[in-house]
Amino acid sequence: MAKPGKVGLSRVFGASKYSYQGLRAQWRHEAAFRQEACLFLISLPFAIWLGDSGLERAVLIFSVGMVLVVETLNSSVEAVVDRISHEHHELSGRAKDLGSAAVMLTLILAAVVWLVVLFG
């Protein structure tokens, strides 16, 4: 059964508000996100300039944008783990390590995409 709540445009506006709050919190509390956002902003004009087609430009931009998405998910996992307990627990550490690994893999994939587009 669906949880009662807002519908239609009211729901869209409410969801947009929560998304904005999440991005604001991410910017304020996560240094890695700020660094990756700067990387994205720096890479954007290079992607437009270096891509030979619209598809190449989109792939270059998307690959770096995905780093921001995965970093946001990683921060979500870390926040939930920290909310549960600050005590060391093997599963908590594993959850945080897996989130970090996801970010690293996304950074590696973005680098591979850039290398393939630029030199392939």
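Reader: Which stretches does UniProt mark as "transmembrane region"?

Author: The UniProt record, an unreviewed entry, places that feature at residues 31–51, 57–77 and 98–119. UniProt positions follow the numbering used here, feature names are shortened, and annotations may be inferred rather than shown by experiment. Please keep in mind that this is a predicted model, where local features need pLDDT of at least 70 and side-chain atom pairs count only at pLDDT 80 or more, while totals for chains, interfaces and linings use all residues. Residues are numbered from 1 along each chain as its sequence is written, and side-chain values use heavy atoms, with hydrogens and water left out.

Reader: What makes up residues 31–51 and residues 57–77, helix or strand?

Author: Helix, in both cases. Residues 31–51 are 95% helix and 0% strand, with end C-alpha atoms 29 Å apart. Residues 57–77 are 100% helix and 0% strand, and there the end C-alpha atoms lie 31 Å apart. Helices here are DSSP runs (H or I, at least four residues; strands are E, at least two), numbered from the N terminus.

Reader: How do you know that the span of α4 agrees with its number of residues?

Author: The expected span is 1.5 Å times one less than the number of residues. With 30 residues, α4 should therefore span 44 Å, and its end C-alpha atoms are 42 Å apart, which agrees. Helix α3 can be checked in this way too: it has 31 residues and reaches 45 Å from first C-alpha to last, close to the 45 Å expected.

Reader: What makes α2 roughly antiparallel to α3?

Author: Again the angle: α2 and α3 pack at about 175 degrees, with axes 8 Å apart. That makes α2 roughly antiparallel to α3. Among the residues that form this contact are F33, F40 and L44 of α2 and L60, V64 and L68 of α3. By class, the residues of the contact divide into 14 nonpolar, three polar and four charged.

Reader: Why is S75 called buried?

Author: Buried means under 20% relative accessible area (exposed is over 50%, partly exposed in between; 1.4 Å probe, protein chains only). S75 has 7%, so S75 is buried. This residue lies in helix α3. Beyond its neighbours within four places in sequence, S75 is in contact (heavy atoms within 4.5 Å) with Q26 and E30. Other buried residues of α3 include L60, V64, L68 and V81, and the cover over the buried residues of α3 includes α1, α2 and α4. In α4, the buried residues are G99, V103, T106, A110, W114 and V117, with α2 and α3 among what covers them.

Reader: Which residues does UniProt list for "binding site"?

Author: The unreviewed entry lists R11, Y18, E30, E78, E87, H88, H89, K96 and D97. They are spread over 87 residues of sequence and also in space, up to 38.5 Å between C-alpha atoms.

Reader: What makes E78 and K96 partly exposed?

Author: E78, in helix α3, has a relative accessible area of 22%, so it counts as partly exposed. K96, in helix α4, is at 26% and therefore counts as partly exposed as well. Leaving aside neighbours within four places in sequence, E78 is in contact with E30 and K96, while K96 touches N74, E78, V81 and D82.

Reader: And helix α1: why are R24 and G22 called partly exposed?

Author: R24 lies in helix α1 (residues 8–29), and its relative accessible area of 40% makes R24 partly exposed. G22 is also placed in helix α1, and its 39% makes G22 partly exposed.

Conventions
Axes are lines fitted to C-alpha atoms, for helices over the stretch in contact, and angles run from 0 to 180 degrees between N-to-C directions. Angles under 35 degrees count as roughly parallel, over 145 as roughly antiparallel, 65 to 115 as roughly perpendicular and the rest as oblique. Ala, Val, Leu, Ile, Met, Phe, Trp, Tyr, Cys and Pro count as nonpolar, Asp, Glu, Lys and Arg as charged, and the others, Gly among them, as polar.
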